[in-house]
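Subject: Structure handover

Hello,

Here is the structure I said I would pass on.

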Amino acid sequence: MEIQRYSSTAIIIHWVMAIMIIAMICMGIYMADLPKGSDERSWFFSLHKSIGLTLALLAISRLAWRMISPPPMLPSIVSITHQKMAKATHHLLYLMMFIQPVTGYISSSFSGYKTKFWGVPLPHWGWKNPELNELFTEMHEISAICLVILIVLHIGGVAYHLHRKETEIFKRMWF
Ligand code: HEM
Ligand code: HEM
């Protein structure tokens, strides 16, 4: 049976974003505990913001590409329930790929500092407001937890199919 694979563009974006998102989660947890006012903290914050905004642009490109080149149908050996679960997880992962950088960007806009994108200051529409900064930082944390849960479910789903020797599921998203 011939395997219906994702397009090369979708595969490249999937793996580049997967590595970047996992690295960003680790970086976010690490940098949040660094001492306030330290050079290391501001270096990591600035890198985190630039990579995060790059991820937002990649998510937009990915969604646009998905509309041009829709994902291949899952093989019929995958039960309808699992197909529905995979679809729901993928849709929620897409949602979080937007919510995560947007909450981070809004919280930064109320920090009193200009948000820079790889050194270039972005239009500063926010103002210093500790309450709003705190609120969106909390939303950023909660959405990171939701994202981690979804990634675990997603990897669990792929692992389940690999365990059942349905390796074509993995090959659909491999080079
Ligand atoms: C941050 C991490 C990840 C995110 C956000 C993510 C997101 C996604 C999304 C949204 C899809 C649906 C395809 C699309 O429409 O673009 C997908 C498919 C897929 N992902 Fe991931 N992924 C991540 C990590 C991983 C990892 C670590 C693996 C390896 C175990 C993996 C294996 C796959 C496979 C095999 C598919 C194809 C499923 C199918 O046949 O429909 N992903 N991923
Ligand atoms: C997909 C992209 C992103 C991921 C996966 C991500 C993930 C995280 C995580 C896991 C944390 C640690 C939360 C905690 O335990 O306190 C964090 C903190 C943070 N993120 Fe992000 N982030 C992303 C994008 C962004 C963007 C675009 C910005 C701003 C432009 C941003 C700004 C921040 C800031 C300022 C903190 C520190 C909050 C604090 O403790 O004061 N993030 N991020």
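Around ligand 2 there are 21 residues, and G28, H48, Q100, G104 and H140 come nearest; a residue counts as near if one of its heavy atoms lies within 4 Å of the molecule. The model is predicted, so local features need pLDDT of at least 70 and side-chain atom pairs pLDDT 80 or more, while totals for chains, interfaces and linings use all residues. Residues are numbered from 1 along each chain as its sequence is written, chains are lettered from A and ligands numbered from 1 in the order written, and side-chain values use heavy atoms, without hydrogens or water.

Ligand 2

By class, the shell of ligand 2 holds eleven nonpolar, eight polar and two charged residues. Here Ala, Val, Leu, Ile, Met, Phe, Trp, Tyr, Cys and Pro count as nonpolar, Asp, Glu, Lys and Arg as charged, and the others, Gly among them, as polar. Helices α1, α2, α3 and α4 each supply at least two residues of this shell; helices (H or I, at least four residues) and strands (E, at least two) are DSSP runs, numbered from the N terminus.

The iron atom of ligand 2 has H48 (NE2) and H140 (NE2) as its protein donors, 2.0 Å from it. Donors are N, O and S atoms within 2.8 Å of the metal (3.2 Å for Na, K and Ca), and water is not among the atoms, so sites may look incomplete. H48 is in helix α2 and H140 in helix α4, 92 residues apart, and the pair links distant parts of the chain.

E141 has a side-chain N or O atom 3.4 Å from an oxygen atom of ligand 2.

Ligand 1

Ligand 1 is surrounded by 20 residues, the closest being H14, R66, Y94, H154 and R172. Its shell divides into 14 nonpolar, three polar and three charged residues.

The protein donors of the iron atom of ligand 1 are H14 (NE2) and H154 (NE2), at 2.0 Å. H14 lies in helix α1 and H154 in helix α4, so this pair ties together parts 140 residues apart in sequence.

- R172: a polar side-chain atom at 2.4 Å.
- R66: a side-chain N or O atom at 2.5 Å.
- Y6: a polar side-chain atom at 2.9 Å.

Backbone

W118 is not a glycine but has a positive phi of about 45°. W118 is found in the loop between β1 (116-117) and β2 (120-121). K165, in the loop between α4 and α5, also has a positive phi, near 65°.

Regards

Note on methods. Polar contact = N/O pair within 3.5 Å; in protein donor to acceptor, adjacent residues only side chain to side chain.
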